[in-house]
Amino acid sequence: MKTIYFDNNATTSIAPEVLQEMMPYLKEMYGNPSSTHTFGGQLRKSIEEARARVAKLLNAEPEEIIFTSCGTESNNTAIMSAVESLPRKKHIITSAVEHPAVVNFCKYLERKGYRTIFIPVDKKGRFRLDEFSKAVDGDTALVSLMYANNETGVVFPLTEIGEMLKDRGVLFHTDAVQAVGKIPIDLKKLPVDMLSLSGHKLHAPKGIGALYVRKGTGFSPYMIGGHQEQGRRAGTENVASIAGLGKACELAGENLYGEMSYLKGLRDKLETALLKLCPDGRINGDIENRLPNTTNISFKYIDGEAILLKLNEFGVCASSGSACTSGSLTPSHVLKAMDVPAEAIHGSVRFSLSRYNTEAEVEKVIEIMPGIIKELRKLSPYGKER
Ligand code: PLP
């Protein structure tokens, strides 16, 4: 049975071009970039080439890019660096729908005496600017907000938020792990000081990420040891994955608009058909302002996990809530924050597409879903009569 992989917000496949770019570093070019001999030292050039490619996708300067091990490390580093750069301030603002890599780090800092405010979202998952404007004060060190939500794809108005923070002496970080490579990002215009990204969300391997730190922003390293990354992130560089991330960013930039429109076309076809063919469905999130590859649909009166198991029997991979938190039956904190009604919150399924998905795959899912929903509704104590 052929796998239909519609779970690209959880992770993506490595692009063939990326794998090809990485292979020499996994085989013959195994030296240590810090070595003085040519065999190792030549890898420094490869790292700098990759840095320039990552910077180009974001319209940043290469020296503003620090390679890390993942999105989580980038987020932790950004938050820690901000509070260490502004030691007298004890206040962090984030949102109610962030990834655990931000939420749990803020909670950790709360145990160390910091105060965190989690700004709510509305029913469509939109950031509550009114609540935000009341929350910023002279004690605020950092505002850390995601660019796009991993579960719903909803995009936050970072430009507007950044304008509100102008001249307030507050650092502004964005977790752009789900946005990079999916929508255009121009760091010459976007008013953020730091931005996190992760390789495995854009067809590079797992275990590689990057943190953008705007020139002039105070920075304090999180990983302490050797002098790598100009003393900003210690640890012998993961050269193969760094090269892979560089190539993945180049590929993403080459056809960003074409891919956005391709994915939006597939996503909209899937979404429209499922809402038409499966009764009692609803889209979670702001349909006007979402990543083009993501749809989060609730099928009322049934359990999303049960839908996933049925889809799995057909070789279809999707997700209910975030992949990082599934396995537990507590409803997604994102959908809870959006006040999704009780009969819909457990029945949510996220389909997230990539450039490697096809129209035929979308048609296959459209063909099988109505049967799955009908069967599960018959078993549901609330859905029997429907
Ligand atoms: N932030 C967001 C929005 C994510 O979706 C994820 C992964 O799912 C992360 C951070 C963590 O990234 P990584 O898996 O590279 O640590």
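Contact here means heavy atoms within 4.5 Å. The model is predicted, so local features need pLDDT of at least 70 and side-chain atom pairs count only at pLDDT 80 or more, while totals for chains, interfaces and linings use all residues. Numbering starts from 1 along each chain as its sequence is written, and side-chain values use heavy atoms, leaving out hydrogens and water.

**Exercise 1.** Work out how helix α1 (residues 16-26) sits against helix α9 (residues 239-254).

*Solution.* Start with the axes, which are lines fitted to C-alpha atoms, for helices over the stretch in contact, with angles from 0 to 180 degrees between N-to-C directions. Helices are DSSP runs of H or I, at least four residues, and strands are runs of E, at least two, numbered from the N terminus. The two axes come within 8 Å and cross at roughly 160°. That makes α1 roughly antiparallel to α9 (over 145 degrees; under 35 is roughly parallel, 65 to 115 roughly perpendicular, the rest oblique).

Next, list who touches whom. From α1, Glu-17, Val-18, Glu-21, Met-22, Tyr-25 and Leu-26 take part, and they meet Val-239, Ala-240, Ser-241, Ala-243, Gly-244, Lys-247, Ala-248 and Leu-251 of α9. Sorted by class, that contact has 9 nonpolar, 2 polar and 3 charged residues. Nonpolar covers Ala, Val, Leu, Ile, Met, Phe, Trp, Tyr, Cys and Pro; charged covers Asp, Glu, Lys and Arg; the others, Gly among them, are polar.

**Exercise 2.** Check the length of helix α3 (residues 43-58), then find its buried residues and their partners.

*Solution.* The expected span is 1.5 Å times one less than the number of residues.

Now for burial (under 20% relative accessible area; exposed is over 50%, partly exposed in between; 1.4 Å probe, protein chains only). Buried in α3 are Leu-43, Ser-46, Ile-47, Ala-50, Arg-51, Val-54, Ala-55, Leu-57 and Leu-58. They pack against α1, α2 (38-41), β2 (65-68), β7 (194-198), α8 (228-231) and α9.

**Exercise 3.** Is Asp-280 buried, exposed or partly exposed, and what is its phi?

*Solution.* First place Asp-280: the loop between α10 (256-277) and β9 (281-283). Its relative accessible area is 24%, so Asp-280 is partly exposed. Its phi is positive, near 60°. Most residues other than glycine have a negative phi. Asp-339, in the loop between α12 (333-337) and α13 (342-345), also has a positive phi, about 60°.
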